[in-house]
Amino acid sequence: MAQVIETIDVNVPVRVAYNQWTQFEEFPHFMSFVESITQKTDTLTHWKVKIAGAEREFDAEITEQHPDERVAWNSVGGDENHAGVVTFHRLSDDKTRVTVQIDWEPTGVLEKLGAVFGADDHSVKKDLDNFKEYIESRGAESGAWRGDVS
């Protein structure tokens, strides 16, 4: 299993950062490998991604979600085997620390080499930089889902 842990501070309130992160269908705006996400139910999403030139599809199930604190998920079925969590930490009224941890099983030579040389870390860091730019330039979230999943 490969693991990525990356953190970024965004200049928006924790509620705004969290609310935007719950808008999964918006992820292609700031995640470079995501082609599309379809929200199937409150806790199930369908992902189309392109990793190391290979197109993949899988479902991800939200396993834990607490407003303004965390969202955790596991892939179910499909071509990807991964799990992760994103946490939100209030630093001040207008600043939030977002931390992403992803555990995944690289497949194929390119993905395994990429994991060894930190390509996945770089990709997640870039996507967090893109999230920062996306949410700060908007100044407000595009929507919100405030449900609790345990």
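**Entry 1. Aromatic pairs**

I counted the aromatic pairs and found 11 in the structure. For this I took rings of Phe, Tyr and Trp (its six-membered ring) as paired if their centres lie within 6.5 Å, with planes under 30 degrees apart counted as stacked, over 60 as edge-to-face and the rest as tilted. I looked up phenylalanine 27 and phenylalanine 30: the ring centres are 5.3 Å apart and the planes stand at 55 degrees, so this pair is tilted. Phenylalanine 30 also forms a tilted pair with tyrosine 134, at 5.6 Å centre to centre and 40 degrees between the planes. I noted that this second pair links distant parts of the chain, 104 residues apart. Phenylalanine 30 lies in the loop between helix H1 (14-21) and strand E2 (34-39), whereas tyrosine 134 belongs to helix H3 (residues 119-138).

I then checked burial, where buried means under 20% relative accessible area, exposed over 50%, and partly exposed in between (1.4 Å probe, protein chains only). Phenylalanine 27 has 2% relative accessibility and therefore counts as buried. Phenylalanine 30 is buried with a relative accessible area of 2%, and tyrosine 134 is buried too. I recorded a cluster linked by ring pairs, including Tyr18, Trp21, Phe58 and Phe131.

**Entry 2. Basis of the values**

The model is predicted, so I note that local features need pLDDT of at least 70 and side-chain atom pairs count only at pLDDT 80 or more, while totals for chains, interfaces and linings use all residues. Residues are numbered from 1 along each chain as its sequence is written, and side-chain values use heavy atoms, with hydrogens and water left out.

**Entry 3. The chain as a whole**

I listed 3 helices and 7 strands in the protein chain; these are DSSP runs numbered from the N terminus, helices being H or I of at least four residues and strands E of at least two. Their order from the N terminus is β-α-β-β-β-β-β-β-α-α. Of the 150 residues, 41% are buried.

**Entry 4. Aspartate 59**

I located aspartate 59 in strand E4 (residues 54-66). Its relative accessibility is 17%, so aspartate 59 counts as buried. The side chains of aspartate 59 and histidine 46 are joined by a polar contact of 2.7 Å (a pair of N or O atoms within 3.5 Å; within protein, one must be able to donate a hydrogen and the other to accept it, and residues adjacent in sequence count only if both atoms are side-chain atoms). Leaving aside neighbours within four places in sequence, I found aspartate 59 in contact (heavy atoms within 4.5 Å) with residues including Lys40, Leu44, Asn74 and Gly77.
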